[in-house]
Amino acid sequence: MAEKQVKIAKGGSFLLEPTGSYRVFTPDDFTEEQKMFSKTASDFLEKEIIPILEKIEHKQPGLVPSLLKKAGELGLLMIDIPKKYDGLGESKATSMLVSEKMARIGSWAVSAGAHTGIGTLPIVYFGNPEQKKRYLPRLATGEILSCYCLTETGSGSDALSLKTKAVLSPDGKHYILNGGKQFITNAGFADLFIVYAKVDGDKFSAFIVEKAGTEGIQIGAEEKKLGLKGSSTCSITFENVKVPKENLLGEIGKGHKIAFNILNIGRFKLGAGAMGPCKVMLAEAIKYGKVRVQFGKPIIDFGMLRRKVADMAIKIYAGESMAYRIAGMMDAGLKSVDEDDVVKQMEIIEEYAIEDSIIKVYGTEVINYVADESLQMFGGYGFTEEYPIERPYRDCRVDRIFEGTNEINRLLIPGTILRRASKGQLPLFEFIARINSELEEKSKSRISKTSGPLAWAVRACELSKRVALYASNLAVQKYALAIQDEQEVMETMANMIIDTYAMDSACARTLQLIEDRGKTKTRVQMDIANVLCQESYDRINLLARNIITAVAGDEAKKHFKNLEKLGTKGRIDSIKIKKEIAAHFVEADGYNLSAS
Amino acid sequence: MKIGVLMKQVPDTETKIRIKDDASGIVVDGIKWVMNPYDEYAVEEALRIKEKKAGSTVTIISMGPKRSVETIRTGLAMGADSGILIDDPALEGADCYATAKALAKVMEPENFDLILCGKQAIDDDSAQVPQMVAEFLGMPQAMVIDKLVVSDDGKKATCYRRIEGGAKEVLEVDLPAIVAAEKGLNEPRYASLPGIMKAKSKPFKEINLGALGLKAEEVGAKGAKLKVKKYFLPAEKAPGKIIPGEPEDAARALVKMLREEAKVV
């Protein structure tokens, strides 16, 4: 199955293309090798991390660095590093799958992720051959550990406003760094720092700073955080730090390209990785629900708890379908690119910036939802440290904040779509013109003729795309470029687009499964797609109405009429179907729909 | 040294076992398959010997359906050199005897200096195949071993096993011999990611009965001396009882229960 060609679609085109019209990569398509990678990662967590979690969470000195080195020996830190520099040069899907397994313990995951992701990738993608040769082989094995220094006390979301300054020394051999960084993961033990600073105070640039033998680097005290207690988070001060000129990363004044592209990758990995702990929490909640007896029966037999199980599973199914779809497209694109052609590689990764933001927002909100609902299923015990949800509940809260807040990412979603449409890179306005002409047709629009095994859900998805774009278009017409400042409208548009991508990805995956295995073996996935599509469609309609009300004034009535033309025929009984979905996962003792 | 390791693919220990409607076996749909944990010790031990004795090779041998390839590959990813899978529809329904016969046949021409395996497979828990293979090959056997020392000249092996009362029994066997691993023999390594990538290109062959020179009636269900009539799940265990109260009262209540309810004292 993994051999089937996936299509390299354009970023954002899911809004415009018919649902399920091309092959996508899904968690049903992992290769034998990917499953083996995944097993090594889970075994490592099971045997090396979980038994000593208490010590990790209390930051026993030297423990996390030694575990990172152990993980390095197994190859768990070298997935994204090219073979040429002693890495594995593996696919994004593999990298995502391993992140999912590592994410089971939040503080471990961010320590490893800060090293392999934001700490290593800037050199992978932007380092010169000399820098790559010097650092990557040692980063691959964990011999040296890295961290990423972008955020400052005064610049978080507004990263470009940072104040750290770099000035070339009079002899021209060094850059002299001065400034301070905030909330730096791995700062407590890192050997290498990827530091962003402005050359001469105005040219945004990046540097590789080695700790060994460098004077003037001061690491602050460990932050006392709500969660991720085992990970090191400190401030760092650079005082007249001499960085060899050769350690400038990329070009002077182009550091923002490094920062944003690396964040893009971090985003989809974070959103995808979040599905790992979601699956663990759901399984824990179901198992507990089976043994906890109240009113004479196991609480898992109560309808409200079953409804929770169903909703958690539905969101996990959607979340992983969304994430691996993009990993698959990136991999298909990257396969034909030379290992050294970084410009082309970045182009391919950047193509999916819209989806990266969507996956980040969706994945991190799903994990917060699942943490909350699974904790609820444990009742009072869930609130105690002795039971398994308390820690991930605290750990996942920051997911909505780092790697670009969900607010920033929500602005990026419609913002990027509009920018690409206006540049002619995405035929958005052509599609909107088509929606309008469909609405004018006397007969029911074309999409009402949707047929096939998942016709109802696919139709709801097609209609949702139209509703979302119809309403968004009215807002764009009204505000034009000033729409950037209408944050509430932008947020509403983002929410409609996120829902659409979730539906489209879940339907595409389910259609493929039906094709590959037949309907009888795809029952629960079909149920999930149907419920997800109905609920998303309802939500999108409500949001569209809010936008219309806000922007259309006297014309609102006319537009509401058009929305009615884009209505679904009939409704499915979501209460009943969720009972069936819940029964599946209760029987399976957890989430069992991905092949790893 | 030329080392062979017998390996079986079994359901993951956390698998929820379901019985087929006609009670003829377990439902294999959706099962996650892993290497029999006792065989993992055998693979690890083989790799450790290989690391000590230059020029040694480790071959993994398994009998089972096509999917067993995945588990053989795990062994290759851990560091074994090659793999052999005996896969033939006629092998379906084999008991320990028929299995051992086929395994012995495939190993005969390999002339291994040492054959390692797990003491039993955790699926059917028969613990008979290693002994039978030893008989078929006419080799000495050392079963349930938790420490193994191979002599420097590779001619002898000293094997340790726990016996009742915490004592150890020490066996010395001439090689070639077959040694079956008990828990505690070692701590199996993980399949490293680079190891997994290398496993793909390691020699692996699949052989059927014809190639083995065995007839269908000698192996599989037809060659089996034992037939499983029916599979069923064990009865569900009743929940335990907690006796509340002061230790003295609780003890009294416990004795009363043991006498009157359980009728064991």
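How many salt bridges are there between chain B and chain A? The count is three salt bridges, a salt bridge being a side-chain nitrogen of Lys or Arg within 4 Å of a carboxyl oxygen of Asp or Glu. One joins the side chains of A:Glu33 and B:Lys200, at 3.3 Å from N to O.

This is a predicted model, where local features need pLDDT of at least 70 and side-chain atom pairs count only at pLDDT 80 or more, while totals for chains, interfaces and linings use all residues. Side-chain values use heavy atoms, with hydrogens and water left out.

Here is the interface in brief.

| Chain B with chain A | Value |
|---|---|
| Residues of chain B in contact | 17 residues |
| Residues of chain A in contact | 22 residues |
| Buried area | about 1700 Å² |
| Share from carbon and sulfur atoms | 64% |

Contact means heavy atoms within 4.5 Å, and buried area is the accessible area (1.4 Å probe) that two parts lose on being put together, summed over both. B:Tyr190, B:Leu193 and B:Met197 supply 43% of the area that chain B buries against chain A, more than any other three residues.

Now to the helices, which are DSSP runs (H or I, at least four residues) numbered from the N terminus. In chain A, the axes of α1 (residues 32–49) and α3 (residues 63–73) come within 12 Å and cross at roughly 145°; these axes are lines fitted to C-alpha atoms over the stretch in contact, with angles running from 0 to 180 degrees between N-to-C directions. On the α1(A) side, A:Phe44, A:Glu48 and A:Ile49 meet A:Leu67, A:Lys70 and A:Ala71 of α3(A).

Conventions
Residues numbered from 1 in each chain as written. Chains lettered and ligands numbered in written order. Helix = DSSP H or I, 4+ residues; strand = E, 2+ residues; numbered from the N terminus.
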